[in-house]
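The points are grouped by topic.

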Amino acid sequence: MLYLVDSGCKWRQLPHDFPPYSTVHSFYRRARVSGLRDRILEHFVKKMRTNAGHRESPSYAIIDSQSVKTAAASEERGIDGGKTKGRKQHIVVDVIGFLLSVVFHAANIHDTKGGISAVKRAYKRFASIQKFCTDAEYRGTFVSDLKEQLDLDADISEKIKPHQWENPLVLGG
């Protein structure tokens, strides 16, 4: 999962000590479709939070997005504000930096629209979340959809710089 989040799923760029990328992708796909991937992630987060001295489930989460360049014409992609041609990932982490959810879509879908699916996925796994923290890219529609669909509020921080909260455990660095 770390390579998926870090690179936007460039399967052919897996380290050489991994099995062939087609084998890894096949196992990953089956785990995702069966729900095993989500159960493993949820168990991992709860265990690591407890080991770090926190409650098992988070009450506060942070969301940010990143555009990832893609070359394959068959993928769903777009241009992010005229900057990046490819896909966008919305990453939701807890305050420690553990991954709660990640969602990919075409880069031309604005954060206010695309981010809601990532927070809904995180909230489905961790209903203990009471509030989200976002940067200014998520104001407006995202905040109203968050309130309307999940009855939750968001702290919009003008001070969060892109990737200020990155955790090397989450992004594979």
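The side chains of S65 and D111 are joined by a polar contact of 3.0 Å, a polar contact being a pair of N or O atoms within 3.5 Å, where within protein one must be able to donate a hydrogen and the other to accept it, and residues adjacent in sequence count only if both atoms are side-chain atoms. The model is predicted: local features need pLDDT of at least 70, side-chain atom pairs count only at pLDDT 80 or more, and totals for chains, interfaces and linings use all residues. Residues are numbered from 1 along each chain as its sequence is written, and side-chain values use heavy atoms, with hydrogens and water left out.

**S65**
- S65 lies in strand β1 (residues 60–69), strands being DSSP runs of E with at least two residues and helices runs of H or I with at least four, numbered from the N terminus.
- S65 counts as buried because its relative accessibility is 16%; buried means under 20% relative accessible area (1.4 Å probe, protein chains only).

**H90**
- H90 belongs to strand β3 (residues 84–94) and is buried, because its relative accessibility is 0%.
- Its side chain makes polar contacts with those of H105, at 2.7 Å, and Y138, at 2.8 Å.
- Leaving out residues up to four places away in sequence, H90 touches residues including S65, D111, H105 and Y138, contact meaning heavy atoms within 4.5 Å.

Definitions and conventions:
Buried < 20%, exposed > 50% of the residue type's maximum accessible area, 1.4 Å probe, protein only.
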